[in-house]
Every structure is written in C-alpha cells, then in structure tokens.
Amino acid sequence: MPNDFIGAGIVLASVAHSDYERLIKFGIPESERLSWRQTETRESAGFVSLVNELGYEYSTESEVQELYVGIPEESTNLADAFSRFMTNLARDTNRPPDSVNRPQVLILNLMPFYLSVTLLDKIARGIFLKDHDEFLRQFETIVVLLRNIDWLLKSKVFSDATQQGKLVKDVWALDIRCFAAKFHRDSSAPRQIMVTRNAFRAVLDTDINRIYRSLIFETNSYIGHFGLPSSHVRTHYDLSEFIKRDNVWEYLLQCFEELIDNADSLLLIGIGMERGVIQKMGDQLMSLLGERITIIFRQPDIDSEPVIPPNWSVNFHMAIVVTDIICTGTTVDPCIQQLQNDNKQNRLIKIFAIASMQNSPPMLSRVPVRAGVQIRRKFYSPNPDECHLCKIAQPLREVKKAGDFCYLAQGQLTPFDFWEMVTDAHALERDVTDAHGRQLAYRINTQKLVDRYARWLENVIKSRFVGTWPGSKVDVICTVNEPTGAAFTELVKKSLSVSRVVKLGREQLVRCTSTGGLPDGVKNPFKPSDHILVVDDGMNTGNTVSQLIKYCKAAGNIPIGGLVLDSRLDETEMRVLTAKMSRNRLVALYTWPRTGHPIDS
Amino acid sequence: MSSTLIHVEPERSGFFGLTQLEAFTRLKIEPSIKAMSGSTVTMDFSTVRIWDIAALLWLTVALDHYRRNAGISYILRLPQGSDQMSSGDRDAFDRSADYLRRWRFDRALQNIEADVSKLLVSDQHDYFDPGEPRRFYLAKKVQEEPSGLLQSLISRRLAEIRDLSDPSFTGKTPISAQRITQCVREFQAERIGDILAAQCKIEKRKADLFSDHLLTEALLNVQEHPNASIGMVAISLMGNTKELVLSVVDNGDSIPQTIFERYVQDLGDDDRRVIGQKYDRDTMTRDQRAEIAHYATMKGVTRKKGAVAENAGMGLTYIKQDSVATFGGKLTIVTDKVRMIYKEDPDHNPDVVDWPHPWRGNLLRISIPLG
C-alpha cells in the first residue's frame with residue numbers, strides 16, 4: 001500500500017464515562033471501563049497499530065485524537081442514543097485541530113460494553129442509518145471495536161443495511177479475541193481475518209504499575225487479619241474480579257507466554273484456595289493457546305492429592321504449576337517436588353502465580369517463582385508471638401476456604417485499620433478551616449481515603465448497614481452539598497444501591513426551625529414513604545448531622561438513621577443525635593475522641 | 001390446623017422435568033385447591049433423583065402463585081440420602097440434594113419466603129446449610145458429565161440460580177434493568193465460551209456465542225415482559241443426555257400478551273377482523289395462543305416504521321435461530337398454557353402441546369448438545 005498516509009489523523013471516539021449509566025436503561029450492562037480508559041501510560045499509537053493489523057500502513061506518527069462523546073439524558077431509545085452520539089461526535093470532530101491533516105480513520109470504541117445482537121441492531125441503526133453519511137464520508141476507514149464481532153455479523157439491521165447498499169464506507173469490526181470482519185459497501189459477503197494480540201497489548205495499558213494499582217485499589221478487597229494454614233495475612237483481593245479485566249488478562253497472558261517460551265506441550269497443575277480463579281485461568285489458557293500447544297489442565301479434588309499423570313515428562317515438554325497468591329509456598333511446594341520426583345526426561349518445571357507477597361520465597365525447591373504482581377505487603381508467621389497483627393490484637397479470622405475472606409470483624413474499622421488507611425493515603429490534614437469557618441487542628445480528607453480504599457470501604461459500609469438495619473432499604477440519602485463529603489456520599493450511594501441523593505446547601509439547613517416545617521417556597525424533596533439515610537463524611541461536633549436530621553423532620557420524615565465515615569463525638573453527644581431521630585441508629589465507621597487521642601499529643 | 005401430603009411422581013428413573021411438573025400441578029394440586037384451604041400441605045419431592053433446572057425454576061413460579069394467589073399454605077420435603085438406603089440410592093439422593101444446594105435453590109425460594117427454612121419440613125430446616133464436610137460432591141464421583149465441564153461451572157459459581165429481582169426492593173415489580181444487565185455482565189465477563197472450548201472442544205467462536213449471544217438475549221428478553229416480580233436464570237448440565245441447559249423464567253405478562261398489539265397491527269392490514277381484538281388467554285384456543293407466541297420468534301416481525309419498528313426486538317428470533325441452527329439444540333417455550341418446542345429446523349413450526357398453568361409467566365429452556 002502506498003506510503004501516503006504519514007501524518008494522517010485518527011479519531012478515536014468513545015462514550016463518555018459519565019454517561020455509561022444512561023445506557024443501563026436500554027439494556028447495556030455495566031462496562032469494562034477500567035481497562036479502556038485513557039491513562040498516562042496507555043499508548044495512543046497502539047490504536048494505529050490496531051488499524052494496521054487490518055492491512056493498512058498508517059504511520060505510528062499519526063496523530064490520534066481521543067474524543068469522549070456524550071449520550072444525552074433525553075435519548076428515547078438506544079438507536080436514538082447512538083444517533084445523538086454521532087451528532088455530538090461530528091460536532092466535536094469538525095472543530096479544526098491545531099495540527100494534523102483531515103482525519104482519515106474513525107475508530108468507534110464499543111469495547112467497554114457487554115452487548116448482544118439485538119443491542120447491536122439498535123446501535124447500528126443509530127450509527128449508520130440515521131443521516132450521518134456526510135460525516136462518515138470524510139474518513140478513509142471506519143473501524144468498530146467490539147467484544148464480539150459475531151454480534152455485528154448476525155445483526156439483521158446491519159446486514160440489511162449492507163445488502164441495501166446503505167453503508168457509505170467499508171466498515172471493519174474487530175474484537176478482543178482478535179477476530180476481524182470487513183463489511184463492504186458494495187454488499188458483497190464480509191471478509192474475515194484474524195489479527196495478532198500485539199496491538200491490544202499497547203492499547204490496553206499493561207504497564208506493571210497500572211496492573212498493580214488495578215489489584216490494590218480497584219479490586220474488591222477485604223482488609224483485616226486472616227489466618228491461613230501457614231501464615232497470617234492482612235489483605236484479600238478478589239482475584240476473580242481482577243483477572244476478568246481485559247488489560248489484566250492481557251498482561252498475565254503476556255507473562256505466561258514468556259514463561260512457556262517455545263514449549264509445544266504443557267502440563268498445567270492448578271493449586272490454591274481460589275479454585276474458581278485458577279480454573280478460569282486454566283480454561284482461558286487452554287482456549288487461547290490450545291490450538292498451538294497441547295495443554296492438559298488438572299486441579300486436585302477437594303482434600304485429595306494433586307493429579308499428576310505418571311511419567312508426565314514423557315508426554316509433556318514442560319510442567320507449570322499455576323496458583324493464585326503465593327505466601328510461604330507451602331501449598332505449592334509439595335506439587336513441585338512430586339513433579340521433580342517423576343521427571344525422568346528432565347523437563348522444565350515452572351511456577352506461575354497471579355500474585356506474591358513481598359517476603360514470599362523467590363524459589364521453591366529450586367524452581368523460580370514467576371508472579372504477575374508483587375503485593376507490597378508481607379505475610380506474617382502464624383505464631384502469635386511473631387505475628388505483628390496478633391500483637392496489636394487485630395481480630396483474627398481463620399480461613400479454610402476462599403469465601404471465609406469475605407468477612408468484617410466486630411469492631412472494624414479498628415484504629416489500625418483507620419490510621420493505616422489515613423497514613424497510606426496521606427489523608428490527615430492539619431490546621432484547616434472547615435465549612436463552618438472553624439479552625440481545626442486535624443481533619444481527615446475523605447476524598448483521598450475513598451480514592452484509594454473505595455472497594456474495601458464499600459464492603460465495610462454494606463456490612464455495617466446490614467448489621468445495623470437488617471432487612472431495611474434506603475430510598476434516599478440526605479446530605480450536605482459540599483465537595484469535601486461528596487466522594488463518601490457517592491460511595492455510600494453505590495454501596496447501598498441507592499437511587500436518589502438529596503444534597504442540601506448550608507443556607508437551606510440553617511433556615512429550618514424546630515416547629516415551622518420547611519421554609520416557605522421550598523419544595524419538599526422527600527416522599528412520605530421514603531426511607532432516608534442521613535450521610536456525612538465526618539462528625540467533629542455533629543452540627544451538620546443535627547441540621548440534616550432537623551431538615552428531614554421539617555419535611556415530615558424521620559430518617560431511618562445516619563452513617564458517617566468517622567466521628568469525634570463521645571457517647572453522650574451521639575445519644576443526643578439519635579434521640580433527635582427517635583433513637584434510630586447513628587453509625588460511624590470509626591470513632592476517635594476530640595481530646596485525649598494520641599494524635600493530639 | 002390439619003395437614004395434607006401430596007407426593008410428586010417423577011419418572012421411573014427419578015427424573016423430574018417439565019412434563020412431571022405439569023402432571024403434578026394438574027393432577028395433584030389443582031383438583032384439590034379448595035380442599036387445601038385451611039390446611040398445611042406438605043409437597044413431597046423426596047423421590048426426585050434428577051432435576052431439570054427449567055422445571056425447578058418454573059416450579060418456583062408455581063409455588064409463588066399458589067402462595068400468593070391461591071392462598072395455599074405449604075411446606076416442602078426435598079430429596080435427601082439416609083443411612084437406611086442402599087449405597088446406590090444414597091448416592092443418588094445425596095447427589096440430588098447436592099445439586100439443589102449447588103444451584104442455590106434456596107435463592108429461588110427466597111422469592112416466596114425470605115426465611116427459606118419456613119418453607120421446609122422441620123427436619124430439613126438446615127437443608128441449605130449442612131455441616132462440612134459434605135458427603136457428596138467430589139468431582140471424581142461425577143461419572144457421566146463431559147470431563148471437567150461441571151467442575152468448571154461449579155468452581156466459578158456459574159451453575160447457581162441467579163435472581164433478577166432486587167432482594168432489597170419493597171414493592172410490586174422489583175425486576176430491574178440494572179439487575180438484568182448486571183447478570184449479563186457477570187456471565188459475559190466469565191468467558192463461558194472458553195470453558196466450552198477448553199472442556200468440550202467446541203470451536204471457540206461458536207462456544208462464545210453461548211454466553212455472548214444466547215444467554216444474553218434470553219436475559220434481555222425478560223425486560224419485554226412487564227409486571228414481573230420474579231425472574232430467574234440458571235445454566236445446568238444434563239449428564240445423562242450430555243446437554244448444556246440454559247433456562248430463564250419470569251412471572252410477568254406472557255409472550256402472546258406482550259406481542260399481541262403488534263401482531264394485530266401487522267395482521268390487520270390483511271385481516272380486518274383482528275382489529276380491535278383483545279388478548280384473553282382463557283378464551284383463545286391453544287392454536288391461537290401458540291400462533292401468537294410463534295409470531296414473536298419470526299424474522300422481520302413487524303412491518304411498521306419509526307420508533308415502533310426501532311424498538312421491536314428480535315431477541316426470540318435470534319435465540320431460536322441459533323439454538324437450533326447453530327448449536328443443533330432445542331428451544332422450549334412455555335407461556336400461556338402452551339409448550340412449544342423448536343428443533344432441527346428453526347424455520348419450521350414448533351411442536352405444540354398443552355401445558356396448562358394457572359399462573360402467569362414465561363419459561364425459556366435452551367438445550368444444546370455437547371457431543
């Protein structure tokens with residue numbers, strides 16, 4: 001192909017993240033947004049490589065214009081939503097760029113969405129059949145990124161449009177599995193090819209630091225003190241959620257491919273407590289690599305010995321033990337030794353773990369441990385005299401199966417929990433002025449806490465809510481309209497699946513009196529049947545929570561209770577507030593007094 | 001309060017499927033509904049050795065109806081092995097019980113009663129939370145299933161019944177788009193296609209169609225049935241027939257009812273007599289109801305233009321086409337007292353039989369062979 005596309009531009013259009021929720025009502029599920037967002041380490045040039053996998057020769061110097069385009073709230077159906085998306089895209093693209101030639105490639109990125117054929121029918125109608133031809137004509141190439149091209153291949157709407165000659169350009173569809181199809185505007189049958197994974201690896205941001213952050217801060221997690229057979233650990237991460245992410249899986253696959261090198265037959269043995277995760281890895285590896293490598297995957301039955309075929313080294317060039325997280329290695333080591341004892345052909349034996357701990361052994365029985373991620377925490381000895389967590393009386397949870405990790409101990413958040421989070425997030429602010437104009441010696445920046453620990457705090461909130469208000473449901477959250485508490489309110493909303501939040505300005509709150517009802521001219525934001533939860537990020541004196549309760553009562557509702565992240569009130573002060581709510585509960589995830597706390601000295 | 005005992009009669013093999021459920025409700029429950037008033041009925045399922053997941057989900061819808069609409073008070077006796085049984089029988093009934101636990105049948109029953117133990121006979125109150133170690137399930141004891149597939153599904157919790165209603169909702173219609181789409185995401189993100197490709201050697205793209213297409217369309221189809229308070233989905237392995245079964249049920253408006261307006265509009269151009277007709281499942285014949293339901297599965301189901309056409313989904317059409325043509329399987333639909341089975345050729349009319357049920361709702365059962 002002639003090399004006359006240097007400098008040609010690429011427009012990469014994605015749905016704005018803030019509008020994903022608007023698509024749920026049209027049947028489009030929550031998305032795989034985390035893997036496909038723009039990050040500081042993701043290479044836009046990867047999208048050029050992606051297009052070139054389809055047979056083009058665009059220069060990697062080509063400018064990539066990434067646009068996040070909105071879906072208006074007033075969209076009436078899915079076709080309408082994507083038609084408006086195209087209108088907005090056309091508007092945003094036609095703004096003359098500072099540099100670069102007229103864009104040559106349009107990439108429509110639907111990769112974050114779990115779709116179906118019927119949903120593609122409607123999306124295709126909105127994109128290709130709603131008078132956007134003039135906009136689409138300006139591009140040399142149109143590429144639709146999807147999770148499965150068969151949705152488009154089976155779409156009756158798209159098929160009819162193609163056969164009726166309604167496409168103004170040839171359209172490529174490319175999916176995460178590396179299948180691609182070209183739909184011709186001359187209505188001939190689609191041409192199908194396969195592409196390599198290389199471009200996906202740049203596009204998906206498989207930088208190790210990004211992957212690490214994905215595990216530690218963006219994965220469902222539990223923090224506490226967990227007693228495993230041979231160690232105690234502080235944290236548990238939901239690996240099943242972790243490896244579902246496109247960029248994480250791409251990264252792990254890359255690590256694994258480096259490990260197997262040129263082996264053409266593999267024996268995989270899965271060992272570990274997270275049987276589902278290990279099974280998933282085995283299934284996906286067999287599916288992805290099984291055509292070029294003979295792979296047998298085995299997991300031990302419950303309480304049985306590992307199933308290693310006798311004389312395995314005769315039939316397999318390599319054996320790999322696949323595991324979830326390596327701490328001491330005592331679970332994996334026996335299997336390694338069994339493989340070594342029956343290795344007459346002197347084959348390579350390797351270990352692949354999704355993660356390891358900071359002090360995990362680098363080798364087991366002289367076999368190096370290859371871990372995808374190293375968690376920057378240590379495991380502890382199970383001896384109470386040696387375990388740091390035992391010494392500080394952090395409540396211990398014995399773990400025999402994976403589900404045992406999903407647990408919040410009585411008393412959590414403990415002081416260690418809270419201050420470890422605050423320290424790690426640099427969330428302690430000194431000598432600040434609060435919204436009331438008061439000078440505070442210390443304040444917790446809850447935004448920073450939520451940014452790093454949202455996934456764990458979500459579990460804490462759910463657990464405390466169920467424990468405090470069993471069988472209850474919250475219809476609306478009532479909170480003060482201030483940026484400092486917004487992150488925590490949003491987290492509570494998400495954790496408890498609350499659909500409405502009423503945010504009140506301070507000036508509204510101060511106008512309420514004890515007996516006067518809502519001020520004149522103020523519309524009641526609540527319905528009589530609403531179950532209201534008062535939420536604030538922190539209580540220093542309780543004034544804000546008190547005002548919120550008063551407002552609810554002025555509106556004719558007694559809140560079912562209140563929830564705050566941290567509180568500095570003593571018991572007497574708490575009782576005063578609960579009395580205002582007819583003794584409905586007021587819960588603080590962590591309490592630390594205003595005076596006499598070590599931090600004050 | 002007096003009590004009544006009614007026994008379920010599975011097939012001689014111990015199988016309980018849709019046919020057995022129909023016979024149970026028609027012959028054992030319906031004739032005696034009036035007599036059951038004022039007494040607690042014990043429904044005895046203890047002789048069931050093998051369950052069809054579709055029958056189990058449809059049974060839940062039935063039980064909800066009998067509680068809520070017919071006002072019957074009942075408790076259930078579920079299968080369980082005992083020391084008095086022979087070794088073979090004990091294995092069979094323990095396996096049967098274990099399947100109910102693995103499927104999380106308790107989740108289904110929670111649609112009726114939040115405290116499931118209240119729905120069980122007194123000696124089975126801890127049925128869904130028996131102590132460890134369980135006598136059964138070990139992978140090596142499961143002889144008949146495609147190797148590794150069941151283990152894959154169970155270890156990744158894919159064989160559990162998923163509830164499409166929001167358990168914290170208070171009100172009449174808790175089936176939400178959010179919950180349905182959450183289920184779609186859960187299944188697609190699990191890449192079931194990789195399991196089928198790895199364990200059953202099904203070609204990768206075809207294997208991916210199971211969750212990315214069939215399962216997703218079946219879930220999204222529930223949204224087409226308004227007024228549902230119960231919606232459930234489950235996948236299961238039928239070891240004896242080597243089939244993968246996907247079942248979705250709801251107790252919302254039936255397929256014929258929801259499509260009737262479009263059916264009338266489309267046919268009205270050719271047959272003015274249908275204009276103005278109202279749908280009534282009790283006065284329409286079986287063939288009429290089946291024809292209207294079948295209409296929902298046909299390509300290009302509407303000739304209308306504009307927003308109506310844009311919103312007209314082709315979910316059932318695609319499900320039928322790919323269950324039968326792509327996978328060589330069967331699609332069973334039970335709705336408004338008819339049971340329709342599509343097999344061999346999706347363009348042929350279905351086999352239709354009566355399947356009387358006093359409750360409202362829809363059942364889809366997709367079975368694909370695993371070779």
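This briefing walks you through a predicted model, with a focus on chain A. Residues are numbered from 1 along each chain as its sequence is written, while chains are lettered from A and ligands numbered from 1 in the order in which they are written. Local features need pLDDT of at least 70, side-chain atom pairs count only at pLDDT 80 or more, and totals for chains, interfaces and linings use all residues; side-chain values use heavy atoms, leaving out hydrogens and water.

**Confidence**
- Chain A has an average pLDDT of 89 (pLDDT is the predictor's confidence in each residue, from 0 to 100), and 95% of the residues score at least 70.
- Take care with residues 1-7 of chain A, where pLDDT stays under 50.
- Where pLDDT is low, the predicted coordinates should not be read in detail.

**Overall build of chain A**
- You can look for 21 helices and 23 strands in chain A; helices (H or I, at least four residues) and strands (E, at least two) are DSSP runs, numbered from the N terminus.
- The C-alpha atoms of chain A fill a box of roughly 80 × 70 × 40 Å along the principal axes.
- Chain A has 601 residues, and 59% of them count as buried (under 20% relative accessible area; exposed is over 50% and partly exposed is in between, with a 1.4 Å probe and protein chains only).
- Among contacts in chain A with a separation of 6 or more, 73% join residues 24 or more positions apart; contact means heavy atoms within 4.5 Å.

**Nonpolar cores**
- A nonpolar core is a set of buried Ala, Val, Leu, Ile, Met, Phe, Trp, Tyr and Cys residues joined through side-chain atoms within 4.5 Å.
- The largest one holds 159 residues, of which A:L89, B:F45 and B:F210 touch the most other members.
- Helix α3 (residues 53-68) of chain B gives this core its largest share, 11 residues.
- Apart from it lies another core of 48 residues, including A:F217 and A:I278.

- A:S567 sits in strand β22 (residues 561-567) of chain A, and counts as buried because its relative accessibility is 0%.
- Beyond four places in sequence, A:S567 touches several residues, among them A:M539, A:Y590 and A:W592.
- A:V422 belongs to helix α16 (residues 415-425) of chain A and is buried, with a relative accessible area of 3%.
- Between A:V422 and A:K448 there are 26 residues of sequence separation, and their C-alpha atoms are 8.4 Å apart in space.
- Leaving aside neighbours within four places in sequence, A:V422 is in contact with A:A427, A:L428, A:I444 and A:L449.
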